[in-house]
Amino acid sequence: MDKLKVIKNAIIIGISLFIISAISQEKSGNFKFKALDFGLGIYKDCQATVENGFNGDIEFQFDINSNILSFQYKCGIGLIDNGTLFNNVFDVFLEVNLLYGRELLISKKVLCGFHLGAGYIHSTKLFGDVKNAMGFPVSIKLVHVILKQISLGVSPYVNFNRLNNIYSLNLFLRVKFNK
């Protein structure tokens, strides 16, 4: 568990430095803190054994001349089905991703965004092996504006990596910070 504490601390420090950097640069020109997305959903990976579970994410979005740069932290917990009820194993994954994306206005209150990037994935099985790998996440976001600063959306997502590709579908709440 010491590795997990080190990873958590590195993630917290990374997020803090990223936010401080973004806030300090927000005043200079076209780099602006855009929004914060909170997502919850289900995931599945299709390796030799079938794994299903729940996941959540938080995504910090920055606007740079109509381009979106995002820092995403995603985690999930699932159950690996080994065929018998008492032989199942819990699996936990953590992801830290840097994403690039664009959004298109479909109508007055509906946006569609496409995001892709690179990141780090940490996967561990309860009482089992721990694995780390580079991942390449891709997501599409369909966003419906509810209020000026609040939106709801749905996001299909995939992370391609050498451990096990992760497919998820999340509902998310977006809190927008600029106009």
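Visitor: Which ring does K141 lie over, and at what distance from the ring centre?

Guide: A charge is said to sit over a ring if NZ of Lys or CZ of Arg is within 6 Å of the ring centre and within 35 degrees of the ring normal. This is a predicted model, in which local features need pLDDT of at least 70 and side-chain atom pairs count only at pLDDT 80 or more, while totals for chains, interfaces and linings use all residues. Residues are numbered from 1 along each chain as its sequence is written, and side-chain values use heavy atoms, with hydrogens and water left out. K141 lies over the face of F172, and its distance from the ring centre is 4.9 Å.

Visitor: With which residue does K141 meet in a salt bridge?

Guide: A salt bridge here is a side-chain nitrogen of Lys or Arg within 4 Å of a carboxyl oxygen of Asp or Glu. K141 has such a contact at 2.8 Å, N to O, with E59, and the pair links strand β6 (residues 130–145) to strand β2 (residues 50–64), 82 residues apart, strands being DSSP runs of E with at least two residues, numbered from the N terminus. Both side chains are buried, meaning under 20% relative accessible area, where exposed is over 50% and partly exposed lies in between (1.4 Å probe, protein chains only). The partner of K141 is therefore E59.

Visitor: Which residues join K141 in one network of salt bridges?

Guide: R174 forms a salt bridge with D37, with the closest N and O atoms 2.8 Å apart; because R174 lies in strand β8 and D37 in strand β1, this pair ties together parts 137 residues apart in sequence. E103 also forms a salt bridge with R174, at 2.9 Å between the closest N and O atoms, and E103 and R174 are both buried. Through shared partners, K141 is joined into one network with K34, D37, E59, E103 and R174.

Visitor: How far apart are the ring centres of Y43 and F93, and why is the pair called edge-to-face?

Guide: Rings of Phe, Tyr and Trp (its six-membered ring) pair if their centres lie within 6.5 Å, and planes under 30 degrees apart count as stacked, over 60 as edge-to-face and the rest as tilted. The planes of Y43 and F93 stand at 80°, so the pair is edge-to-face, and the centres are apart by 4.8 Å.

Note on methods: Helices (H or I, at least four residues) and strands (E, at least two) are DSSP runs, numbered from the N terminus.
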